[in-house]
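Please keep the sequence and the 3D view open while you go through this note.

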Amino acid sequence: MTDKDLKDRRFYRAGEESRFADEAPDRTPQTEHPAYKLAFRDHDFLLRDELRPVRFQLELLKPEMLLDEARVGSTMVMYGSARIPSPEQAQATIDAAKNGTEYEQKVAARLAEKAKYYEEAYKLARLVSEKAIIEDGKRQFVVTTGGGPSIMEAGNRGASDAGSESIGLNIVLPHEQAPNTYVTPYLSLNFHYFALRKMHFLLRARAVAVFPGGFGTFDEFFELLTLIQTGKMKPLPILLFGKDFWTRVVDFEAIAEEGTISKKDLELFHWCETAEDAWDHIEKFYELENGTAA
């Protein structure tokens, strides 16, 4: 393009300006001082407390833009424990605790019993991914997990074995938290803020499968229920796997009987035990026929 081209930009792009700054010949006390750095390239400046609103915006924008570019229309979100072993690891979990306390052995046995949920998470992710639903040129029900081990790994693994891509929304923690190896690399996203991560879980969600889990799973599950109960979010299939587990750790009926929620609120989620149960509910909810909306 020439300077007379009507379609040409009048201003240089930020990347070009960065190159100009790098190639500047003069190195003086002024140009070497941190104050002279371009603001968007000043790492220490961006990490200041006053820049938190900007970091919020960046953490909202980056995943949104990457998922748009990847043609992700909607997602199938999977919440669940980071501690439940795969069926292949179940016996090893028990064996590792055999010299431990009675409590440790009991916990290991209970975790091993829950290996069936790893299998169902894998089956559901594979089943949904094999449908390969495309609408308006975008991929629908793309499997999305927290990117970690256990139930999250099962979801990404199921999608991978179906030949499909999947999303992992990881988060920086004080202890090591690396993405599982089944997350599609260019859809492996990392977060600093839990709030922004949880927002991205639900922005494109068209179904959410919730498996047995701990505080993180409870947090995600109950926030989702609250958003729908209060009308901040439109209803969608919430597939709650493991009735024995959930009714043991949460007395939903008692909450309704106490009057702090409505009895009708218990209809916000659907009990599931198998991947087939879950997909059948999704199909009925969206009136899907041959992989597309009726």
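1. Which residue in β6 is the bridge partner of Ile171? It is Phe191. Before going further, please note that this is a predicted model, in which local features need pLDDT of at least 70 and side-chain atom pairs count only at pLDDT 80 or more, while totals for chains, interfaces and linings use all residues. Residues are numbered from 1 along each chain as its sequence is written, and side-chain values use heavy atoms, with hydrogens and water left out.

2. The sheet as a whole is open and parallel, and its 7 strands follow the order β6-β5-β4-β1-β7-β8-β9. Its edge strands are β6 and β9 (270-272), each of which pairs on one side only. On average, neighbouring strands are turned by 25° against each other, direction ignored; the axes behind this value are lines fitted to C-alpha atoms, and angles run from 0 to 180 degrees between N-to-C directions. Strands (E, at least two residues) and helices (H or I, at least four) are DSSP runs numbered from the N terminus, and two strands pair if DSSP finds at least two bridges between them.

3. Strand β6 has a covered face, made by Leu189 and Phe191, whereas Ser188 and Asn190 lie on the uncovered one.

4. Strand β4 (residues 142-145) is covered on both faces, since Val142 and Thr144 on one side and Val143 and Thr145 on the other are all buried (buried means under 20% relative accessible area, exposed over 50%, partly exposed in between, with a 1.4 Å probe and protein chains only).

5. Thr144 links β4 to two strands: in β4 it is the bridge partner of Val77, and its own bridge partner in β5 is Ile167. From β4 the chain crosses through helix α8 (residues 151-161) to β5, in a right-handed β-α-β crossover, where right-handed means that, with the strands pointing away from the viewer, the path from the first strand over the helix to the second runs clockwise. Strand β1 (residues 75-79) runs parallel to β4 and is joined to it by 3 bridges, while 2 bridges join β4 to β5, also parallel.

6. Finally, Leu60 is placed in helix α4 (residues 52-69), and this residue is partly exposed, with a relative accessible area of 32%.
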